[in-house]
Amino acid sequence: MSKDVMMELDIAGIEIKNPVMVASGTFGFGKEYGRFYDISRLGAIMVKGLTLKPRLGNPPPRLIETPAGLLNSIGLENPGIQGFLTSELPYLREFALPVIVNIAGDTVNDYAKMADILDEVKGIAGIEVNISCPNVKAGGMAFGAVPELAYDVVNGVRKATGLPLIVKLSPNVTDIKEIALKVQDAGADAISLINTPLGMTINVEEQRPALGNVFGGLSGPAIRPIAVRMVWEVVGVVKLPVIGMGGIVTPHDALEFIMAGATAIAVGAGNFLNPMAPLEIIDGIREYMEKENISDINELIGIARR
Amino acid sequence: MSQKVIARVLSNHEVAPETFKMFLDAPSVVEKAEPGQFVHIRVSSGTSLDPFLRRPLSIFSLDLDEGRLGLLFRVVGKGTSILADMKDGDHLDIIGPLGRGFEIREDSKKIAIIGGGIGVAPLLELAHRATKKGIEVHTLIGARTGSMILCPDEFRTYSTTLAIATDDGSVGKKALVTDILSGLLEREKVDELFACGPVSMLKTVAKLARTSDLPCQVSLEARMACGVGACLGCTIKTQRDGKYLKVCTDGPVFKGEEVDWDE
């Protein structure tokens with residue numbers, strides 16, 4: 001028998017039993033995959049992005065497969081923050097599972113209001129501030145692409161809540177380090193990246209854009225090298241812990257991010273291909289640590305940088 | 001609990017041009033499945049992650065005694081051509097049964113089943129279950145041409161009457177399947193309609209149902225990612241204040257009047 005390995009971590013003040021989370025927008029509000037396995041085995045859940053008011057989302061078609069991935073333009077369809085609190089959170093409270101609530105707004109005030117509402121709620125471990133949704137016209141990515149706007153949003157949310165704040169960054173920027181430093185200055189406790197790079201495909205048979213919303217966010221293994229690079233860059237300049245995501249499907253993929261310096265990782269589109277992927281990744285990381293005689297996950301974080 | 005199972009391919013044959021009938025050994029799926037539900041199949045193998053998404057396929061037949069799951073699919077792209085190449089003894093990673101299937105009303109005595117092209121796939125098991133319940137089943141199948149009329153013998157086994165329509169008149173009547181449905185509705189007093197096929201056909205069936213004041217269920221298809229209701233990628237527009245419904249979990253079977261057919 002190999003020795004026990006320690007996978008517990010503290011990230012932004014959130015205690016997680018292992019570094020494997022599930023990414024916002026790919027895991028609903030937990031119920032859907034709760035039918036496959038005990039979701040309390042996960043490190044944390046990042047729920048579907050919420051807005052102040054319910055949103056219907058974008059017109060179909062909303063997704064299309066691309067080489068080793070997919071493009072989506074869901075457009076933040078969600079029941080609104082109150083709908084989440086009333087209809088979805090009670091289910092999640094049944095699990096010993098940190099719930100990280102992803103929020104997106106049209107204005108700085110929207111974000112602050114949602115943070116204020118969540119601040120009062122029991123059973124929420126943290127907030128993921130989404131300034132990177134590529135599929136909505138107002139807000140979303142617009143905030144994540146301009147350092148000063150990113151600062152304003154995070155600063156506004158910071159003033160409204162004492163909850164741990166994770167800020168999710170967009171890869172659709174020239175210099176992600178600059179944005180990362182700004183959100184650190186504004187009081188973020190952690191950074192998650194990457195959201196989806198913007199992409200597009202043409203339906204050649206019909207001679208028009210394949211997605212109803214023309215552009216969409218690209219996810220899946222196709223984007224993984226971009227994500228690993230951006231994690232590497234951001235970890236190099238900020239003091240905050242980083243949650244890495246982008247095309248993680250196997251334990252090997254997760255290890256890439258951790259070795260690049262991510263404190264935790266999130267499985268996104270990988271859930272679609274393999275609903276059991278998060279559990280297989282937890283087991284795979286443990287096996288790797290045992291094999292390599294690494295007793296504490298902290299020893300692995302950023303090991304490729306040394 | 002939903003489940004992901006590894007199912008052995010028992011057989012896979014081309015039954016019409018570019019159309020395959022595959023049987024899988026999947027007892028745990030078969031015992032829970034209802035007509036109209038689907039399975040979500042991984043088409044990449046081994047460590048390959050391409051094609052990245054699973055493919056949703058309607059359940060064609062359910063053999064409870066043998067634990068045998070039947071699928072009927074047409075080759076339309078990369079995923080289905082991989083499935084077409086599967087041989088006896090190969091294995092497939094499937095999730096299912098998924099989605100909301102057909103529901104036959106308790107008081108239905110006579111139903112009409114309308115299938116167009118590959119859209120017949122989810123209807124055979126429905127005809128089978130209805131016949132077992134002693135319900136009169138009137139089946140109408142349409143296709144472009146005679147060679148694309150799929151599995152007529154199987155449908156005949158589970159139908160009181162079977163009518164066939166082709167665009168070119170090579171088999172059955174030279175008509176649209178919805179034209180022969182109008183005729184049937186004049187002759188027979190059916191209690192319910194069930195349909196699957198091209199959207200244009202479903203739209204007409206839904207319209208005929210409305211004018212005849214009959215309940216109607218249609219099975220829709222959409223590109224899917226998760227297949228379980230998490231990603232919100234496979235939505236269709238509904239009649240309810242422009243709201244969207246998910247084909248994977250709200251459907252794939254919808255009431256005809258729920259769907260916004262003009263979208």
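## Cis peptide bonds

P252(B) lies in a loop of chain B, between strand β15 (244-246) and strand β16 (253-255). The peptide bond joining G251(B) to P252(B) is cis, with an omega of about 10°.

A cis bond also leads from G96(B) to P97(B), where omega is near 0°. P97(B) sits in strand β7 (residues 91-98) of chain B.

## Model and conventions

The model is predicted: local features need pLDDT of at least 70, side-chain atom pairs count only at pLDDT 80 or more, and totals for chains, interfaces and linings use all residues. Residues are numbered from 1 along each chain as its sequence is written, chains are lettered from A and ligands numbered from 1 in the order in which they are written, and side-chain values use heavy atoms, with hydrogens and water left out.

Most residues other than glycine have a negative phi, and most peptide bonds are trans.

L76(A) is not a glycine, yet its phi is positive, at about 55°. L76(A) belongs to the loop between β6 (69-72) and α2 (80-93) of chain A. With 6% relative accessibility, L76(A) is buried; buried means under 20% relative accessible area, exposed over 50%, and partly exposed in between (1.4 Å probe, protein chains only).

D213(B), another residue other than glycine, has a positive phi near 60°. The loop that holds D213(B) runs between α6 (199-211) and β13 (216-219) of chain B. D213(B) is exposed, its relative accessible area being 69%.

Conventions:
Helices (H or I, at least four residues) and strands (E, at least two) are DSSP runs, numbered from the N terminus.
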